[in-house]
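Let's take a walk through this one together. Have the sequence and the 3D view at hand, and we'll go step by step.

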Amino acid sequence: MADDLLALVRRTAALARLEVAPEEGARLAREFERILDAFRSLAEGPEGARNAQGTPPGPEPEPRMRADLPDPFPHPERLFRAAPEPHFGPTGTLLGVPKTVGDDA
Amino acid sequence: MRPFEDATAIRERVLAGETSVESLIARTLERIARIDPEVGAFRAVFADRSLARAAQLDRSLRNGARPGPLFGLPLALKSNMCLEGTPADCGSRILAGWHAPYTATFVQRAIDAGAVPIGTTHMDEFAMGSSGENSSFGVPRNPWDVARTCGGSSSGAAAAVASGMVPLALGSDTGGSVRQPAALCGISGMKPSYGRVSRLGLVAFASSLDQVSPLARSARDLERVLGAIGGVDPRDATSLPGPFPPPESRRDLAGLVLGLPAPFFPEGLDPEVQARVDEAVCLLEDLGAEVRPVALPALAHALATYYVIATAEASSNLARYAGVGFGGRAEGDGTLAGMMSTTRSRGFGDEVKRRILLGTYVLSSGYYDAWYGRASRVRAALADEFAHAFSAVDLLAGPTSPTPAFRLGERAHDPLAMYRSDILTVPASLAGLPAASIPCGLARVGGAALPVGLQLLGPRGADERVLGVARLFQEHTTHHLAEPPLAGDEAQA
């Protein structure tokens with residue numbers, strides 16, 4: 001099995017936020033290879049297939065996409081700093097929401 | 001009252017005063033207690049809740065209320081459907097213990113029509129599977145041969161109807177998850193046109209494909225259920241305008257052109273399946289239909305297209321299960337990202353993880369256009385081919401499943417073999433067409449007699465045409481009346 005396929009599975013798993021144990025990675029890489037091989041017929045799909053927007057076939061534009069890289073998640077403390085303050089009242093814990101413009105009530 | 005009567009007949013008996021709803025529900029609960037240990041269809045049974053509801057319905061009838069189309073009928077729900085306060089775990093560890101916070105539109109409409117939700121049924125995890133084996137909580141067995149699969153993913157729903165425990169069940173059909181189990185269990189099932197039934201309250205797998213779909217003992221029951229739960233829902237932007245179309249009544253098929261697409265009869269088709277479907281087509285011809293071959297070359301790519309699109313949508317839809325908003329949580333390495341990864345890795349089963357990975361891959365940069373973009377274009381071409389075919393024919397017909405029910409475990413470790421179980425049902429899903437599966441006879445496999453399903457497909461929106469032909473077929477055949485040999489019934493006899 002090609003190492004690049006195993007690397008692909010690991011990279012995809014990181015994007016999907018899934019942990020892959022070494023033996024699981026090897027199995028998934030084998031399965032990926034079989035499934036993708038079986039689905040390669042898509043590349044020979046019907047001629048003149050229109051795109052999802054229904055426009056006629058033409059030269060396919062180069063997709064402009066960001067690189068898919070797993071970002072390190074911000075530290076929870078940074079997120080919690082932006083959270084509203086809790087207020088403890090007779091009906092339970094409430095979250096204070098800042099007044100918005102025009103909210104005079 | 002016999003357990004294998006259809007819902008229409010049972011409702012007539014209730015309204016004629018031959019039985020009360022309370023007595024009907026009590027007998028249903030007794031039958032579930034006797035038969036379900038053999039079949040394993042139910043995830044949860046709402047005994048107290050359904051008896052209380054039955055008493056309420058009896059009172060309303062005594063007080064002169066007008067009975068709805070599903071009055072008093074026990075209804076099983078797939079475990080991915082929301083009924084407020086009841087568990088809806090989708091067959092997944094990650095949602096174990098999660099209770100629905102509200103009631104789905106289609107469930108509420110069934111209740112408003114008089115149905116009695118009796119319990120939830122086992123399913124492949126998040127509706128991903130064709131055998132029922134991908135469940136974290138239980139694998140239903142086929143009532144015709146308990147060593148074999150019921151199909152999937154609405155495995156428990158099909159088993160519950162096929163074994164006469166309930167006359168009606170609601171499943172969801174994304175790529176055939178109602179039609180294939182209906183075929184393998186010898187009952188009737190229909191995926192309506194995409195948008196005919198609201199998806200609000202159905203846990204999403206692949207949103208452009210998912211459809212709530214009924215399972216029943218007859219086509220007339222399918223009409224009854226769809227008429228009650230279908231129609232526009234302002235809270236589902238994908239629902240089609242207007243009510244579900246009224247039933248189409250036919251005395252024969254004179255003037256109807258029936259197309260037989262060559263890809264629906266591939267080389268590897270089981271010969272017994274081919275024979276039963278050929279016999280069914282001959283009968284439709286005898287009833288007046290003109291039969292024509294139809295070329296649909298894009299169908300050759302339907303399976304690959306379906307698995308690219310469905311997994312891509314699943315990878316997005318299932319991103320929400322991360323230990324925060326829904327279900328369980330694992331601690332992980334103490335970081336937020338670690339908690340999410342560990343929760344997802346422990347919570348999801350193998351098939352769900354496989355599909356999330358596949359879907360993430362086909363959407364990722366560098367691969368998106370070769371896979372997802374290409375699949376979207378092939379899907380549009382396939383829909384065009386169907387539209388062109390329906391300019392020359394009124395309906396299409398073929399088998400629902402390439403084989404009768406296979407043995408449990410036979411395909412469990414071969415994902416591709418399992419995916420190929422859906423090869424005849426995914427085309428209608430991709431094009432959003434209405435498609436029904438109705439029993440068309442039994443196949444002899446070894447010593448077992450196993451049901452075969454005939455699939456009927458119509459143009460998008462022509463649900464009533466599919467149902468009308470299915471109903472006429474059942475008025476001239478008895479395949480839908482066949483009863484499976486259950487040990488629980490034999491012991492009582």
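This is a predicted model: local features need pLDDT of at least 70, side-chain atom pairs count only at pLDDT 80 or more; totals for chains, interfaces and linings use all residues.

Let's begin where the chains touch. On one side, 44 residues of chain B make contact, and on the other they meet 40 residues of chain A. Together the two chains bury about 3,800 Å², and 68% of that lies on carbon and sulfur atoms.

What about charges across this boundary? There are four salt bridges between chain B and chain A. You can look up one pair yourself: A:R34 reaches B:D414, with the closest N and O atoms 3.0 Å apart.

Which parts of chain B supply its side of the contact? The elements giving two or more residues are α9 (302-317), α10 (336-347), α11 (350-363), α12 (368-389) and α13 (415-419). Of these, α12(B) gives the most, with eleven residues. Sorted by class, chain B's side has 24 nonpolar, ten polar and ten charged residues.

B:R34 and B:E30 join in a salt bridge, at 3.2 Å from N to O. Both sit in α2 (residues 21-39), four residues apart, which is about one turn of the helix.

B:R31 forms a salt bridge with B:D489, at 2.8 Å from N to O. This pair links distant parts of the chain, from helix α2 to helix α16 (residues 487-492), 458 residues apart. B:R31 has a relative accessibility of 5%, so it counts as buried.

A further pair brings us to helix α15. B:R196 meets B:D463 in a salt bridge, the closest N and O atoms being 3.0 Å apart. Because B:R196 lies in the loop between β5 and β6 and B:D463 lies in α15, the pair ties together parts 267 residues apart in sequence. Both residues are buried. Some salt bridges also share partners: A:R27, A:E31, B:D350, B:E351, B:R354 and B:R355 are joined into one network this way. Over all chains, the structure holds 26 salt bridges.

Let's stay with α15(B) for a moment. Its 13 residues, 463-475, reach 18 Å from the first C-alpha to the last, close to the 18 Å expected at 1.5 Å a residue. Its buried residues include B:D463, B:V466, B:L467 and B:F473. What do the buried residues of this helix pack against? Their neighbours in chain B are β5 (188-191), α7 (219-229), α8 (271-286), β9 (395-399), β10 (435-445) and β11 (448-457).

Our last stop is helix α4 of chain B, residues 105-112, where B:T105, B:F106, B:V107, B:A110 and B:I111 are buried. Among the elements covering them are α3 (47-62), β2 (74-78), β3 (116-121) and α7. Just after this helix, look for B:G114, which takes a positive phi of about 105°.

Conventions:
Residues are numbered from 1 along each chain as its sequence is written. Chains are lettered from A and ligands numbered from 1 in the order in which they are written. Side-chain values use heavy atoms; hydrogens and water are left out. Contact means heavy atoms within 4.5 Å. Buried area is the accessible area (1.4 Å probe) that two parts lose on being put together, summed over both. A salt bridge is a side-chain nitrogen of Lys or Arg within 4 Å of a carboxyl oxygen of Asp or Glu. Ala, Val, Leu, Ile, Met, Phe, Trp, Tyr, Cys and Pro count as nonpolar, Asp, Glu, Lys and Arg as charged, and the others, Gly among them, as polar. The expected span of a helix is 1.5 Å times one less than its number of residues. Buried means under 20% relative accessible area, exposed over 50%, partly exposed in between (1.4 Å probe, protein chains only).
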